[in-house]
Amino acid sequence: MIRRRPVLSLLTLVTLAFLLFPILVVVGVALSRGDVLRFPPDGVSLRWFGEALRYQPFTDSLGTSAIVAGAATVIALAVGVPATYALHRRSPRGRRFLLTVFLSPLIVPELVLGFALFQLFLVRAGFDALAALIIGHSVLLLPYAVRVTGASLERADPALEAAAAGLGAGPLRTFFGVTLPVIAPGVLSATILSLLTSFNNVPMSLLLTSRTVQTLPVAMLEYVQTSFTPMIAAVSTLLLLLTVAVAVLAERLVGFQQVFGRSAP
Amino acid sequence: MTNVVELRGVSQDFGAGPVVADLDLAVGAGELLALLGPSGCGKSTTLRMIAGYLRPTEGRVFIRGRDATTVAPRRRNIGMVFQSYALFPHLSVAENVAFGLRMRKIGKPERTRRVGEALELVGLGELGDRRPGQLSGGQQQRVALARAVVIEPDVLLLDEPLSNLDARLRVQLRGELARVQRETGLTAVLVTHDQEEALAVSDRIVVLHEGRIAQQGTPAELFEHPRSRFVAQFLGYENVLELPGRGPVAIRPEHVRVEPADGAAAPVLGPVSFDGFVRELTYRGTHTTATVTVALPGGPVSLQGVMSGVSGVSGADGAAGPTLGPGHAARVVLSEPAIVSLLDEPRRPVLEENPV
């Protein structure tokens, strides 16, 4: 390969290095034994990982992030999947308009949306920050639920639902017994995308957090503004590992499509 | 005979003119009725109204004498086979077939027995544990057929069931389809655009044209006596012409002989023949057809016929006589018994000069 296409191989290597080098630096710094963010690190130890896991603002915000990501994903899917189903299978009046509305959180700048929700939930309605975060993230994730499951629905044969109805299945039975299993890979992708998007979100979370409730990225941001120890690199590395783990899991679950034996690719 | 399905004055209009217009249709018990027509003739729409997926804009649908016009598909007891098979990809073959029985709350022992019987019936007794994705198109459609018949539906609805299969398999599976229908004694409606398929399997054919019945009858009645230009041409009567003194007639190309014009005048008595010029030759393997333009009292008409004396194997009897090419003068001879009068076509007022 390298011998046959030297230029292409070189470019690939350079690109890989460009992408991986910063990550290597972060991981390297995280393994430092010293007190200062510096590369190459002063010696090797897992000291800062321990510190990070004991640092309460991080552990608390990790819990908040998990709750927010989980709850917002569930809400976005619970609203988005039936909405997509109705939009694709019932083709109601104003279908295009409704689709645009569902996808609009992708277009509206997040800071604008975050500020609007901040005004509405935190200032006016007096919601606590956790509820505001969950609702805000749900809105943010809705487009993923609608678009990714919508793509699955478009590939699925509408005659499947007609067949189920003809055989005597009611609408709920048809949805849960036929439609949902058929679009399951799409729902799974939407879930993973949603979890990652929520977990990594900064702009909206920034506006919807309070002094006591913050998400992990916000806590990290706050930390680097005041301190400059390798602990931040350690947290970043942990976050990176988590993301990679989810990605690997997703990759594994692609075999899940084979398990489900989807006839239409 | 009691009618299992009856449509009375049924129309369907999606907003751009009627797709089905004031249709009356009756399907007798145990009958296999084919709805035949080109795409857009309203045949699938009619089937979807029988199934209940579409509510007629006007008219009533009766199933076993009960007015089912507003009854949802799931309460109609129909067995539908779709062009796309529509098997549930996440369920095994046996689970697919069992789906309708489950919905009918039939207990497991009976369910297992009936699923087994249905799979045996379509020749797939061994494949119950497979997923639909692991089967060929023909096998998938057999599963779909088993899934539809296992619930003992009032009527079996077949929506272009063979259109997704290749030609050889199509012929094989249509025989299976007819056998299953016969053995189960189910009343069936088959929607197809393939005249050969309709002729081969059905007891009765209804030809639809622009949402109306163009003609109906047994396959033989229809094939031998098409009554209109549309039905004749749809059934392969390429030649439709106005015969002086006889009005509109149709004849199949295989009953028309094209031979070199010998210069002598066409015989006044005997076979019906015309002189004209060859426009085009088409090699068909077993024979060669020629398109010949002849002048008739109503104007020039193009007729298709089989070239005489030219075998499919080139050069086999090259000495049989002069060969014809485009532009050559030729004589077209129509086989008298094969000429079919189109009784529903309006006769053009023809000057009765010299009746043949």
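**Salt bridges, a barrel and a nonpolar patch**

B:D67 is partly exposed, with a relative accessible area of 35%. Partly exposed sits between buried, under 20% relative accessible area, and exposed, over 50%, with a 1.4 Å probe and protein chains only. The areas themselves come from the Shrake-Rupley method, also with a 1.4 Å probe, and for residues only the protein chains shown count as cover.

Some ground rules. This is a predicted model, where local features need pLDDT of at least 70 and side-chain atom pairs count only at pLDDT 80 or more, while totals for chains, interfaces and linings use all residues. Residues are numbered from 1 along each chain as its sequence is written, chains are lettered from A and ligands numbered from 1 in the order in which they are written, and side-chain values use heavy atoms, leaving out hydrogens and water.

Back to B:D67. Which side chain does B:D67 meet in a salt bridge? The partner is B:R60, at 3.2 Å, N to O. A salt bridge here is a side-chain nitrogen of Lys or Arg within 4 Å of a carboxyl oxygen of Asp or Glu. B:R60 is partly exposed too, at 40%.

Over all chains, the structure holds 19 salt bridges. Take B:R8 and B:E6, whose side chains meet at 3.1 Å, N to O. B:R8 has a relative accessible area of 42%. B:E6 has 22% and counts as partly exposed. Next, B:E259 and B:R257 form a salt bridge at 3.1 Å, N to O. B:E259 is partly exposed at 21%, and B:R257 at 41%. There is also a network: B:R142, B:E176, B:R179 and B:E183 are joined by salt bridges that share partners.

Now the layout of chain B. The domain assignment, automatic or from a database, gives domain 1 (3-224) and domain 2 (242-341). Their centres, taken over C-alpha atoms, are 42 Å apart.

On to the barrel. Chain B has 5 strands that close into a barrel, in the order β13-β16-β15-β14-β17, with mixed pairing. From one strand to the next, the twist averages 50 degrees. Axes are lines fitted to C-alpha atoms, for helices over the stretch in contact, and angles run from 0 to 180 degrees between N-to-C directions. Strands (E, at least two residues) and helices (H or I, at least four) are DSSP runs, numbered from the N terminus. Two strands pair if DSSP finds at least two bridges between them.

Look at β14(B), residues 272-283. 7 bridges join β14(B) to β15(B), residues 288-296, and the two run antiparallel. Here B:F277 stands opposite B:T293. β14(B) and β15(B) form a hairpin with 4 residues between them, and B:G285 in the turn has a positive phi of about 90 degrees. β14(B) is also joined by 6 bridges to β17(B), residues 329-334, again antiparallel. B:F274 stands opposite B:V332 there.

Last, chain A. A nonpolar surface patch of about 1200 Å² includes A:L13, A:F21, A:F39 and A:V248. Patch residues have over 30% relative accessible area and no salt bridge; like charges are joined within 9 Å, nonpolar side chains (Val, Leu, Ile, Met, Phe, Trp, Tyr) within 5 Å. Which element gives the most to the patch? That is α1(A), with 8 residues. Both α1 (6-30) and α11 (231-253) of chain A supply at least two residues each. A:F39 lies in the loop between α1 and α2 (47-54). A:F39 is partly exposed, at 42%.
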